[in-house]
Amino acid sequence: MPELTEIATGVLVATSEIYVTTTTVIVGPDGSCLVVDPAVTVADLADLAAELAARGLRPQAAWSTHPHWDHVLWCRELGDVPRFAAPLAASTAAAGRAQLIAAAQATAPGHDPELLGRLTALEPAADRIPWDGPDAHVVIHDGHAPGHGAVFLPGSGTLIAGDMCSDIEIPLLDLAGRDPLGDYRAGLERLAALTGVRQVIPGHGHVGDAAEFRRRLAADGGYTNALAGGVPFEDPRLTQDWLRDTHSRQLRHVAAARKVNANPPAASVADRAAADSSISAVSGWAWS
Ligand SMILES: [Zn+2]
């Protein structure tokens, strides 16, 4: 893995060759640090641990932005520390550990299965990660994955966006959720409401400045608008087969949800209400 680069004071980022996946390290007092989403291969994590040691940094805690395999990895050399996540992310990872381990093994084999996906739920009312370093606010929503938690560092204006705000990936909805499009848009709205973002670090892709953050929000808002329209469309980020396949699946899923809403069978009141909220969220969407 390329070495850690300081993108803001006390914020270090390394990027793996696999899926252009980022690992972020936030420097705290007395050689402590907070590690966000260490990834991806066994060698990447070993290099990260070695580089932290060489810099005199010792993880005090970690944060997993969401319960997908490439965001819940760990190795012994990083130390036995709490690896926090949003409550729903932690419980989802615990319930799906076997699948997480299998998925990791398929792409980045050799990780210690005992450590994979072992997350500690943040206190339900907590809005920041408990550690001694710079304030690390969490922005939790269910876009992309249950309990997706971005991290915002108001001191340096850094947003660690998890798998949102990418320059190389389209918005990836959690199609297993009740309202994938509505949840994704709610997540974008939460991120857009942050003030003072000076750099954004996507889980996959390249670090961007404030203007680039706004550009990505607009691009992702535009993508979700188009998706809601139900008519096939293109996006400049559809550069790989898996992205095109995912894009088609998302289009079909949203179109099917619209159909159900337009022609409700003997649906339950709750199902109908969920569909309605998705459609009204669509029509009320705007970026300023
Ligand atoms: Zn990811």
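Modeller: Two strands pair if DSSP finds at least two bridges between them, where strands (E, at least two residues) are DSSP runs that are numbered from the N terminus. This is a predicted model, in which local features need pLDDT of at least 70, side-chain atom pairs count only at pLDDT 80 or more, and totals for chains, interfaces and linings use all residues. Residues are numbered from 1 along each chain as its sequence is written.

Colleague: In which sense do strand 8 and strand 9 pair?

Modeller: Strand 8 covers residues 137-141, and strand 9 covers residues 148-153. Five bridges link these two strands, with Val138 standing opposite Val151 of strand 9. The sense in which strand 8 and strand 9 pair is antiparallel.

Colleague: Which residue in the turn between strand 8 and strand 9 has a positive phi?

Modeller: Strand 8 and strand 9 form a hairpin, and six residues lie between them. In that turn, the residue with a positive phi, of about 75°, is His144.

Colleague: How many residues of strand 3 are buried?

Modeller: A residue is buried if 20 or more other C-beta atoms lie within 10 Å of its own, with C-beta atoms placed from the backbone. Strand 3, which spans residues 22-27, is mostly covered. Of its six residues, the number buried is five.

Colleague: What is the bridge partner of Val27 in strand 4?

Modeller: Strand 3 and strand 4 (residues 32-36) run antiparallel and are joined by four bridges. Their hairpin has four residues between the strands, and Asp30 takes a positive phi near 55° there. In strand 4, the bridge partner of Val27 is Cys33.

Conventions. Buried ≥ 20, exposed ≤ 12 C-beta atoms within 10 Å, placed from the backbone.
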